[in-house]
Amino acid sequence: MKATQAGFSMPEVLVASFILIWVILSSLQLTSSSILGMGKSKRRGLVDAAIASQIEKLRSDAFSYLCIQGCADAELTKNLQFDLITLKPLCSSNGLGQGLLSALPATDTPSSFTVSTVPPINVQATYTADGNKLHISYSAPDLALVVNTTLVPHAQGWCP
């Protein structure tokens with residue numbers, strides 16, 4: 001009787017090895033893409049949070065613009081009062097937006113700011129007065145992100 005030998009031939013081993021290497025490389029590429037995507041998503045989230053923080057400062061400024069009573073935390077039980085002497089001409093000239101923009105502290109209206117990520121992301125800001133509104137645009141070109149918002153000073157409700 002002839003002895004039989006069990007096993008794989010060389011071509012079978014080479015084909016199986018090639019398929020295994022291809023599957024491993026494909027999964028490594030997918031893992032790499034996922035890691036890069038998660039990093040970009042994290043950076044975008046940090047930039048979104050920084051922009052939201054800037055907008056909240058400006059909303060607070062817009063609320064308290066020309067307010068002389070009832071706007072501070074310690075005055076919440078008092079009625080709101082606004083500086084009507086300054087407010088009336090701005091209302092009649094439709095210039096509350098420009099008045100607000102002029103009154104904003106420079107620290108709340110930077111033309112750009114950097115978000116500490118790896119790599120750091122620069123955010124450009126533009127402020128445009130339009131009648132009684134203030135249009136604000138933030139853009140982060142590195143992330144193809146643009147955020148626009150419009151603020152109306154709370155004092156507009158007291159325009160005659």
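**Group meeting talk: disulfides, rings and a nonpolar core**

Let's start with a bond. A disulfide joins Cys91 to Cys159, with the sulfurs 1.8 Å apart. By disulfide I mean a pair of cysteine sulfur atoms within 2.5 Å. The torsion about this S-S bond is about -75°, so the link of Cys91 and Cys159 is left-handed. It ties together distant parts of the chain: Cys91 sits in helix H2, Cys159 in the segment after E6, and 68 residues separate them. A word on those labels. Helices (H or I, at least four residues) and strands (E, at least two) are DSSP runs, numbered from the N terminus.

Some ground rules before I go on. This is a predicted model, where local features need pLDDT of at least 70, side-chain atom pairs count only at pLDDT 80 or more, and totals for chains, interfaces and linings use all residues. Residues are numbered from 1 along each chain as its sequence is written, and side-chain values use heavy atoms, with hydrogens and water left out.

Back to the cysteines. Buried or partly exposed? Cys91 is buried, at 15% relative accessible area. Cys159 is partly exposed, at 24%. The cut-offs are these: buried is under 20% relative accessible area, exposed is over 50%, and partly exposed is in between (1.4 Å probe, protein chains only).

How many disulfides does the structure hold? Two. The other one joins Cys67 to Cys71, again with an S to S distance of 1.8 Å. This link is right-handed, with 100° about the S-S bond. Cys67 is buried at 18% relative accessibility. Cys71 is buried too, with a relative accessible area of 18%. Number the bonded cysteines in sequence order, and the pairing reads 1-2, 3-4.

Next, the rings. The structure holds two aromatic pairs. Here is the rule. Rings of Phe, Tyr and Trp (its six-membered ring) pair if their centres lie within 6.5 Å; planes under 30 degrees apart are stacked, over 60 edge-to-face, and the rest tilted. Phe82 and Trp158 make a tilted pair, 4.5 Å centre to centre, with 45° between the planes. This pair also links distant parts of the chain. Phe82 is in strand E2 (residues 81-82), Trp158 is in the segment after E6, and they are 76 residues apart. Phe82 is buried, at 5% relative accessibility. Trp158 is partly exposed, at 35%.

What about Phe113 and Tyr138? Their ring centres are 6.1 Å apart and their planes stand at 70°, so this pair is edge-to-face. Phe113 belongs to strand E3 and Tyr138 to strand E5, 25 residues apart. Phe113 and Tyr138 are both buried.

Tyr138 leads us to the core. A nonpolar core is a set of buried Ala, Val, Leu, Ile, Met, Phe, Trp, Tyr and Cys residues joined through side-chain atoms within 4.5 Å. The largest one has 31 residues. Which of them touch the most other members? Val47, Ile51, Leu66, Val123 and Tyr138. The elements giving two or more residues to this core are helices H1 (10-64), H2 (84-92) and H3 (96-103), plus strands E3 (112-115), E4 (121-130), E5 (133-140) and E6 (145-151). H1 gives the most, with six residues.

Take Leu66 from that list. What is it in contact with, beyond its neighbours within four places in sequence? Gln81, Phe82, Asp83, Thr86, Leu87, Leu90, Leu96 and Ala155. Contact here means heavy atoms within 4.5 Å. Notice Phe82 there, the residue from the tilted ring pair.

Now a polar residue. Asn132 lies in the loop between E4 and E5. Asn132 is buried, with a relative accessible area of 10%. A polar atom of its side chain lies 3.5 Å from the backbone nitrogen of Gly95. Leaving aside neighbours within four places in sequence, Asn132 is in contact with residues including Leu90, Asn94, Leu96, Leu151 and Pro153. Leu90 and Leu96 were on the Leu66 list as well.

Last item: charge. The structure holds one salt bridge. That term means a side-chain nitrogen of Lys or Arg within 4 Å of a carboxyl oxygen of Asp or Glu. Glu56 forms it with Arg59, the closest N and O atoms being 2.8 Å apart. Where do they sit? Both are in helix H1, three residues apart, so about one helical turn separates Glu56 and Arg59. Glu56 is partly exposed at 46% relative accessibility, and Arg59 is partly exposed at 40%.

Terms used
Polar contact = N/O pair within 3.5 Å; in protein donor to acceptor, adjacent residues only side chain to side chain.
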